[in-house]
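Visitor: I would like to learn how to read a structure like this one, feature by feature. Could we begin with a sheet and then turn to charged side chains?

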Amino acid sequence: MLEGDDDAVSLLQEKEIDNLAGPVVLSTPAQLIAPVVVAKGTLSITTTEIYFEVDEDDPAFKKIDPKVLAYTEGLHGKWMFSEIRAVFSRRYLLQNTALEVFMANRTSVMFNFPDQATVKKVVYSLPRVGVGTSYGLPQARRISLATPRQLYKSSNMTQRWQRREISNFEYLMFLNTIAGRTYNDLNQYPVFPWVLTNYESEELDLTLPGNFRDLSKPIGALNPKRAVFYAERYETWEDDQTPPYHYNTHYSTSTSTLSWLVRIEPFTTFFLNANDAKFDHPDRTFSSVARSWRNSQRDTSDVKELIPEFYYLPEMFVNSNGYNLGVREDEVVVNDVELPPWAKKPEDFVRINRMALESEFVSCQLHQWIDLIFGYKQRGPEAVRALNVFHYLTYEGSVNLDSITDPVLREIPEAYFIRDPHTFLLTKDFIKAMEAQIQNFGQTPSQLLIEPHPPRSSAMHLCFLPQSPLMFKDQMQQDVIMVLKFPSNSPVTHVAANTLPHLTIPAVVTVTCSRLFAVNRWHNTVGLRGAPGYSLDQAHHLPIEMDPLIANNSGVNKRQITDLVDQSIQINAHCFVVTADNRYILICGFWDKSFRVYSTETGKLTQIVFGHWDVVTCLARSESYIGGDCYIVSGSRDATLLLWYWSGRHHIIGDNPNSSDYPAPRAVLTGHDHEVVCVSVCAELGLVISGAKEGPCLVHTITGDLLRALEGTENCLYPRLISVSSEGHCIIYYERGRFSNFSINGKLLAQMEINDSTRAILLSSDGQNLVTGGDNGVVEVWQACDFKQLYIYPGCDAGIRAMDLSHDQRTLITGMASGSIVAFNIDFNRWHYEHQNRY
């Protein structure tokens with residue numbers, strides 16, 4: 001634990017003061033909590049930054065293996081306030097004395113403090129960000145200090161999950177995060193359920209209930225024979241010193257997490273470090289999914305659940321570094337993890353496991369698993385009834401270390417159930433023993449609710465709600481909803497459908513080749529065309545209404561961008577970005593090497609942004625945060641990209657309205673040898689993926705680090721379009737009809753060639769479906785993972801130049817070479833296996 005030495009709390013030594021920006025507001029002893037390192041040091045907070053300086057003279061620090069330190073971020077850390085996105089209260093060793101700070105670049109850092117009073121002081125010295133903007137909670141410091149149960153109660157995530165606005169995966173990630181599970185502490189790693197039981201058959205039918213686990217029971221109670229063993233252990237308990245339990249192991253421990261991930265760094269190094277530089281016995285090593293499932297059903301000391309990586313990280317199943325993991329007793333060499341026969345490659349396993357997690361069977365019973373892990377069956381009589389009691393030391397509140405920080409007392413209250421009261425006289429020894437126990441027994445998440453968790457609404461029930469993501473349409477409904485022909489015949493080269501109902505102007509913004517734009521109002525039709533309860537009087541007959549200034553030719557001067565574009569620039573969809581509120585258009589291609597911001601209301605120029613050494617050839621924006629902030633990326637003939645920040649509050653590039661004339665880019669992305677022609681940026685993943693006139697596409701982080709090149713096959717040399725999903729799949733279209741699908745880690749997953757010169761591609765919001773359109777005038781829908789064709793829309797009489805989807809993923813709008821836009825009905829559920837088999 002942390003002793004609060006007064007002299008340590010005083011200011012840092014003189015030598016370190018120089019590095020700090022501005023006066024120190026707060027300085028305190030702290031521990032940096034990283035996956036296998038706990039490092040004592042000093043945390044200092046100024047008015048703009050957090051600093052952590054590890055105490056290198058601490059004997060415990062000197063003992064840490066340098067290999068492990070190489071994977072430990074933040075030992076001499078500095079974090080800018082402007083990059084902080086969320087601050088969560090955390091437990092460390094069952095004590096509520098830690099904080100986890102989440103940064104814009106998708107990393108987080110965790111600190112433990114001497115006591116709760118210090119935690120409060122630290123939160124009040126940090127920016128007021130609350131727990132971020134994702135959970136429908138105010139960005140207030142009291143929210144950062146709230147208990148997990150308060151966060152659960154006040155958040156809107158349960159309702160969003162019930163209404164199917166978020167996936168099962170996202171909801172479980174939310175529950176784990178607020179219940180204190182974190183990637184920074186292997187003892188509190190996020191917990192996910194086993195959902196399938198069939199790891200034997202060649203084909204897996206996800207419509208058969210028998211292939212799914214019963215989620216109303218804990219792992220230990222699934223096999224009735226073994227359940228009897230656990231029930232008897234509890235009922236015949238004889239030890240007075242320790243309360244009774246069913247299981248002496250836990251569903252989540254640092255050991256189990258490391259054993260699942262032993263094949264990939266940094267976990268290999270962490271595993272070896274924890275096990276005297278040796279791999280585990282080959283028969284205990286994770287070597288086959290089916291075998292692990294069998295063990296969790298038969299072995300009385302194995303009740304492991306899964307970790308989230310089973311649903312998104314195929315790399316964990318591959319021994320890509322060629323470690324020698326030994327030979328099992330059945331003479332099988334342990335190498336890559338053996339997958340079930342129904343998964344031919346790790347990507348298949350993860351995809352199918354994820355499909356199972358999102359299936360109707362799991363959706364209907366997931367609330368019962370939540371009751372066991374996070375809810376009312378986690379402890380007390382309900383836990384006993386559900387066969388769900390673990391060692392008492394795994395539960396929050398079972399140990400209060402605050403009551404024994406005074407070594408003079410040298411007494412341990414009886415509440416600790418320690419067999420021999422003389423063993424732990426000193427606080428430090430007691431804590432060491434505690435740590436060992438917790439690491440051994442695991443930690444149960446904070447209890448989020450003490451009443452049953454509500455179930456998810458059924459897919460069928462949601463069919464008739466307006467604007468539901470799961471409405472199943474009558475198959476007879478027509479493909480084309482409407483065609484809107486603009487007076488000008490100039491091709492529509494950009495379409496942006498920002499149609500969310502809360503916007504002041506939900507609209508489809510279009511821009512033509514001649515840089516005439518239109519703000520076409522979007523009418524959120526009440527109910528679905530053709531669905532029960534739909535009536536024409538309450539809904540506009542058509543969802544898109546032409547911009548009146550264009551329709552009657554009256555205000556074209558407010559809609560025409562007259563600034564001259566460089567002669568050599570080909571105007572295409574990449575030349576424009578529309579902000580998420582439809583109020584501004586960003587345009588590139590100007591001879592002076594700038595890109596420019598225009599108001600869509602007046603057509604007036606509001607900002608000119610310089611930064612490149614040559615003409616800017618493409619622009620892209622990330623998804624927006626609440627408040628309209630997002631990243632903008634510009635690519636140029638100078639072969640570089642610049643990452644900018646768009647402030648939704650000030651409607652400018654950059655944070656500061658006073659210096660809007662010369663905003664500074666957040667990062668410079670280099671590595672291309674030619675003019676940059678296409679780019680995509682995903683804030684969720686913190687990545688920018690870009691393509692130049694020729695050569696491989698590059699993946700950069702939003703801080704500017706080059707991660708990897710996506711090498712296409714020999715005929716995929718000229719990338720032209722890029723679309724990336726927040727699931728980490730990247731679709732690239734190359735010249736002459738060639739498509740590739742890469743994982744974010746650079747693995748080529750699928751490719752295809754089509755007879756069309758494609759001009760526009762987009763992915764559905766879940767990343768499962770790809771929509772393409774091009775010079776042939778045909779919209780096609782494909783399954784993204786393997787490019788299986790799902791649907792061909794009737795052909796249009798002109799080429800397609802641009803495309804976008806309405807926010808509810810129900811309407812596809814295409815910009816045509818003939819100067820019109822076409823709105824198509826689209827329903828991705830229609831191609832989903834469950835829909836085809838069931839509805």
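Visitor: In what order do the strands of the open sheet of 4 strands lie, and with what pairing?

Guide: Please keep in mind that this is a predicted model. Strands of a sheet pair through backbone hydrogen bonds, either parallel or antiparallel. In this case the order is β26-β27-β28-β29, and the pairing is antiparallel. The edge strands, each of which pairs on one side only, are β26 (719-724) and β29 (748-753), and from one strand to the next the twist averages 15°.

Visitor: Which residue forms a salt bridge with K747?

Guide: A salt bridge is counted when a side-chain nitrogen of Lys or Arg lies within 4 Å of a carboxyl oxygen of Asp or Glu. K747 forms one with E347, and their closest N and O atoms are 3.1 Å apart. K747 lies in the loop between β28 (738-743) and β29, whereas E347 belongs to helix α14 (residues 346-357), so the pair ties together parts 400 residues apart in sequence.

Visitor: Are R596 and D592 buried or exposed?

Guide: Both R596 and D592 are buried, and they form a salt bridge whose closest N and O atoms are 2.6 Å apart.

Note on methods
Residues are numbered from 1 along each chain as its sequence is written. This is a predicted model: local features need pLDDT of at least 70, side-chain atom pairs count only at pLDDT 80 or more; totals for chains, interfaces and linings use all residues. Side-chain values use heavy atoms; hydrogens and water are left out. Two strands pair if DSSP finds at least two bridges between them. Helices (H or I, at least four residues) and strands (E, at least two) are DSSP runs, numbered from the N terminus. Axes are lines fitted to C-alpha atoms, for helices over the stretch in contact, and angles run from 0 to 180 degrees between N-to-C directions. Buried means under 20% relative accessible area, exposed over 50%, partly exposed in between (1.4 Å probe, protein chains only).
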